[in-house]
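Biologist: Here is the model I'd like to go through with you. Could you take my questions as they come?

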Amino acid sequence: MKATVFYGARDVRVERVPDPELKSPTDAIVRITRAAICGSDLHAYHGNMPVEPGFVLGHEGVGVVEEVGRGIAGLKKGQRVVVSGLVACGECFYCRRGQPSQCAKAGSAVFGYGKNAAGKLGELGGEQSEAIAVPLADYTCYPLPDGVDDDAAVFLADILPTAFFGALNGEIHPGDTVAIFGCGPVGLCAVLAAHLFGPAEVFAADSVGYRRDLARDLGATAVDLGEAKQKILDRTDGRGADITIEAVGNEGALAAAFENVRGGGTVSMVGVLGKPSYDFPMGLAFQRDLTFRVGLANITAHIPRLATLIEHRRIDPRPIISHTIGLDETPRGYKIFDAHAEGAVKILIKP
Ligand SMILES: [Zn+2]
Ligand SMILES: [Zn+2]
């Protein structure tokens with residue numbers, strides 16, 4: 001089969017790799033019909049993540065079940081599913097508590113980063129490919145309702161649940177002011193997710209004009225990063241936002257999230273870190289009684305609820321799609337997404 005293979009910083013190639021195989025009774029093979037490039041793939045693309053060359057990239061995908069192991073109870077050949085970027089068992093202590101990112105069997109395992117993010121599973125494939133072997137497939141795959149098409153469903157594999165997790169962690173109450181830093185695909189999904197909780201106003205800050213335009217279309221008050229602070233102060237009687245959400249995974253956005261939250265407020269970070277640790281403003285957090293929430297989103301736990309919201313047209317992430325490309329064009333997709341060129345926002349791949 002064909003797949004997107006990581007070779008090194010800014011070197012991504014589409015080539016033939018061995019077809020995926022069932023290795024355990026709880027595996028399934030899924031033929032991918034839609035995949036996507038994620039902002040966190042750019043950490044690998046930039047060479048900031050220790051990803052060994054030769055691995056298949058991608059942790060966001062939708063497809064059709066092609067084969068199931070004999071231990072699979074809930075999936076059938078021919079079924080349309082979203083494959084969660086996060087692999088989890090659905091049965092352990094953590095999964096039962098709604099915390100599959102800590103799954104005792106899988107151990108924070110994410111597709112598409114080689115061995116480094118494969119947790120306890122040792123090795124995982126990637127979803128920017130024609131097919132994938134999915135471990136613990138009964139829980140990692142979620143059968144899709146007919147009312148959720150492939151384009152909308154691919155958002156369920158990671159970024160919509162991640163954004164929703166960020167909004168949940170912010171504990172947004174009706175009438176709150178929310179400020180989101182970063183209007184990439186996750187930040188834009190965070191605009192949609194924040195609105196589920198009845199905020200008075202959702203600010204979305206970014207330095208790229210066309211991303212701000214999209215945030216505005218999705219219902220946010222879009223502001224340039226440079227003017228965010230003043231505008232948020234003006235609208236909150238000089239206090240700052242009740243909740244700020246960091247949606248990029250870089251230090252600048254995190255600093256802005258701390259700078260723009262009110263005393264007693266909450267900073268919620270969902271961007272995947274581009275290096276092992278960032279500076280934490282402990283003194284500021286102490287003095288201003290701030291709550292800080294951060295974590296690898298419990299993607300799998302949030303998929304059913306968000307699929308229902310898409311099915312019932314309460315959320316539609318599809319306006320965030322800027323390009324749909326063939327698998328052969330994936331290297332170009334990385335290039336334009338990284339460069340903010342050609343209006344790139346969410347790039348889908350149709351193998
Ligand atoms: Zn992702
Ligand atoms: Zn588990």
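**Metal sites, domains and a few single residues**

Biologist: Cys-95, buried or exposed?
Modeller: Cys-95 counts as buried, with a relative accessibility of 7%, where buried stands for under 20% relative accessible area, exposed for over 50% and partly exposed for what lies in between, using a 1.4 Å probe and protein chains only. Cys-92 is buried as well, at 11%.

Biologist: What should I keep in mind about the values?
Modeller: This is a predicted model, in which local features need pLDDT of at least 70 and side-chain atom pairs count only at pLDDT 80 or more, while totals for chains, interfaces and linings use all residues. Residues are numbered from 1 along each chain as its sequence is written, chains are lettered from A and ligands numbered from 1 in the order in which they are written, and side-chain values use heavy atoms, with hydrogens and water left out.

Biologist: What coordinates the zinc ion (ligand 2)?
Modeller: The SG atoms of Cys-89, Cys-92, Cys-95 and Cys-103 coordinate the zinc ion (ligand 2) at 2.4 Å. Donors here are N, O and S atoms within 2.8 Å of the metal (3.2 Å for Na, K and Ca), and sites may look incomplete because water is not among the atoms. Along the sequence these donor residues follow the spacing C-x2-C-x2-C-x7-C.

Biologist: And which geometry does the site of the zinc ion (ligand 2) have?
Modeller: The site of the zinc ion (ligand 2) is tetrahedral, with angles of 103 to 116° among its four donor atoms; four donors count as tetrahedral if all angles lie between 85 and 135 degrees.

Biologist: Which residues are the protein donors of the zinc ion (ligand 1)?
Modeller: The zinc ion (ligand 1) has Cys-38 (SG), His-59 (NE2), Glu-60 (OE) and Asp-158 (OD) as its protein donors, at 1.8 to 2.2 Å, and their spacing in sequence is C-x20-H-E-x97-D. Helices (H or I, at least four residues) and strands (E, at least two) are DSSP runs, numbered from the N terminus. Both Glu-60 and Asp-158 are buried.

Biologist: Why is the arrangement around the zinc ion (ligand 1) called tetrahedral?
Modeller: The arrangement around the zinc ion (ligand 1) is tetrahedral because its four donor atoms subtend angles of 93 to 126°.

Biologist: New topic: how is the chain divided into domains?
Modeller: Domain 1 takes in 2-158 + 298-350, and domain 2 takes in 160-294, with bounds that come from an automatic or database domain assignment. Their centres, taken over C-alpha atoms, are 26 Å apart, and the contact (heavy atoms within 4.5 Å) takes 28 residues from domain 1 and 20 residues from domain 2.

Biologist: Which residues of helix α7 are buried?
Modeller: In helix α7 (residues 209-217) the buried residues are Arg-211, Arg-212, Leu-214 and Ala-215. They lie on the same side of α7, because they cover an arc of only 160° around the axis, the arc being that of the directions from the helix axis to the C-beta atoms. Their cover includes α6 (185-195), β11 (201-206), β12 (221-224) and α12 (330-339).

Biologist: What does the side chain of Asn-169 make a polar contact with?
Modeller: Asn-169, which is in helix α5 and buried at 8% relative accessible area, makes a side-chain polar contact of 2.9 Å with the side chain of Arg-293. A polar contact is a pair of N or O atoms within 3.5 Å; within protein, one must be able to donate a hydrogen and the other to accept it, and residues adjacent in sequence count only if both atoms are side-chain atoms. Beyond residues up to four places away in sequence, Asn-169 touches Thr-266, Ser-268 and Arg-293.

Biologist: Last one: what is the phi of Glu-342?
Modeller: Glu-342 has a positive phi of about 55° although it is not a glycine. Most residues other than glycine have a negative phi. Glu-342 lies in the loop between α12 and β17 (346-350) and is exposed, at 52% relative accessibility.

Technical notes. Four donors count as tetrahedral if all angles lie between 85 and 135 degrees; four count as square planar and six as octahedral if opposite donors are over 155 degrees apart and all others between 65 and 115; anything else is irregular.
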